[in-house]
Amino acid sequence: MRRVTLALVGLVYPTLAAAQSTALTEGQREALSSAIGQYQAGHAMPAISVAIGIGGIIVFTDARGLSQVENRVPATTATTFRSASTIKAMTATLILQQVAAGRIRFDGEIHQYCRNYPAQKYPVTIRQLLLHQAGLRASDKPDVFTRDFYPSVDASLERFGHDSLRFEPGTKALYSNYGYVLLACAIEGVTGRRYDVVMRESILDRLGMTSTEAVNLFRAQTNRASSYVIRTAENTKSLEGLWTPAHLAASPLDTLFPADLVDPSFEIGAGNYLSTPTDMVRFMMALDQGQLLPDSLRAAEVTPQAAPPGATGRPMGWTVGNYGNVRVSEIFGSDWDGSFATVWDPANHVAIAVASNINWDQPAELVTKILAVLHPGWR
């Protein structure tokens with residue numbers, strides 16, 4: 001737990017006792033409020049935002065803290081945060097929509113759809129990219145701090161397209177943002193339109209996700225939270241090599257400081273969006289209600305697929321989370337400029353989203369408490 005002196009405000013969301021009911025009791029609301037407030041204070045978060053949906057209805061939304069510490073700007077439910085890797089679930093959904101339309105095959109080779117990706121030693125398939133089994137490299141230190149702007153998917157291919165694959169596709173698993181950039185390229189290749197246009201027309205406009213948009217550091221984006229970092233003894237050691245000499249000299253331990261600006265345009269389709277928890281809950285509820293995919297493909301998106309020896313089977317775009325006897329599809333995305341988590345419990349029709357403007361937060365502890373409130377006796 002971080003021990004940091006910082007005045008913080010609070011945020012909460014109500015919950016549901018039975019999966020079939022969307023009514024939250026006052027006791028549930030109080031329990032959620034307490035859990036969120038304790039988590040925010042314990043992790044020294046300037047701002048935190050949470051949304052919960054049940055049975056297709058958003059039942060709880062609130063936000064607490066400061067979206068901009070320097071000017072004491074309060075966070076609201078309209079405050080947008082860096083969505084980080086949670087956007088991968090949306091890219092996976094766009095790919096599956098193209099599969100449903102017959103434009104993409106899971107075992108189709110990426111060069112069929114993304115023609116500007118340089119030829120590799122081995123063929124790379126759509127399925128392998130979705131499951132992080134394609135052999136593309138993981139993000140490195142220059143990626144973490146890059147300020148380079150890439151105006152298009154084709155431009156971002158220049159950053160990694162000439163790298164050799166790390167292994168023969170299908171023989172290992174390695175989490176790669178660049179695999180999802182190639183999926184964005186495939187979407188453009190079969191639709192003839194930019195990834196962001198397809199995203200807007202196929203998901204965002206359709207679901208009323210009006211607060212979700214690509215990060216653009218060259219534009220003033222309404223309601224965007226500022227980003228902050230806390231350097232601790234633990235993360236200084238575990239992230240050795242990421243802290244620059246300037247960080248180490250200027251930032252005492254356990255002190256909040258503004259995060260460096262990082263341009264995520266190199267990872268189009270993998271982590272380059274802003275969103276709110278409310279919007280992301282809308283997305284998960286639409287999946288849950290069968291609004292975005294046929295049932296067979298929706299099931300494929302959240303069902304762990306076969307994995308190479310030594311790797312854990314994962315769904316397409318998601319990971320699997322187990323909380324007592326509740327199994328969920330989830331993504332915990334975090335980077336230098338903020339953190340975002342999406343949790344979808346299809347069996348009970350529950351969707352939870354948590355966002356903050358602090359770096360590298362993985363709120364499994366808070367998700368556990370929220371699920372315990374939503375599912376009494378879940379353990």
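Strand β1, residues 47-54, is largely enclosed by the rest of the structure, because eight of its eight residues are buried. The model is a predicted one. Buried here means under 20% relative accessible area.

Look at the two faces of this strand. In a regular strand, side chains alternate between the two faces of the sheet. On one side of β1 sit A47, S49, A51 and G53. On the other sit I48, V50, I52 and I54. Every one of these residues is buried, so both faces of β1 are covered.

Now turn to the partners of β1. One is strand β2, residues 57-68. The two strands pair in the antiparallel sense, over eight bridges. Within this pairing, V50 stands opposite D62 of β2. β1 and β2 form a hairpin with two residues between the strands. There, G55 takes a positive phi near 55 degrees.

Another partner is strand β12, residues 350-356. β12 also runs antiparallel to β1, and seven bridges join them. In this pairing, I52 stands opposite I352 of β12.

Next, a residue in a loop. H132 lies between α3 (126-130) and α4 (141-144).

Technical notes
Residues numbered from 1 in each chain as written. Predicted model: local features only at pLDDT ≥ 70, side-chain atom pairs only at ≥ 80, totals over all residues. Heavy atoms only, no water. Buried < 20%, exposed > 50% of the residue type's maximum accessible area, 1.4 Å probe, protein only. Helix = DSSP H or I, 4+ residues; strand = E, 2+ residues; numbered from the N terminus. Pairing = 2+ DSSP bridges.
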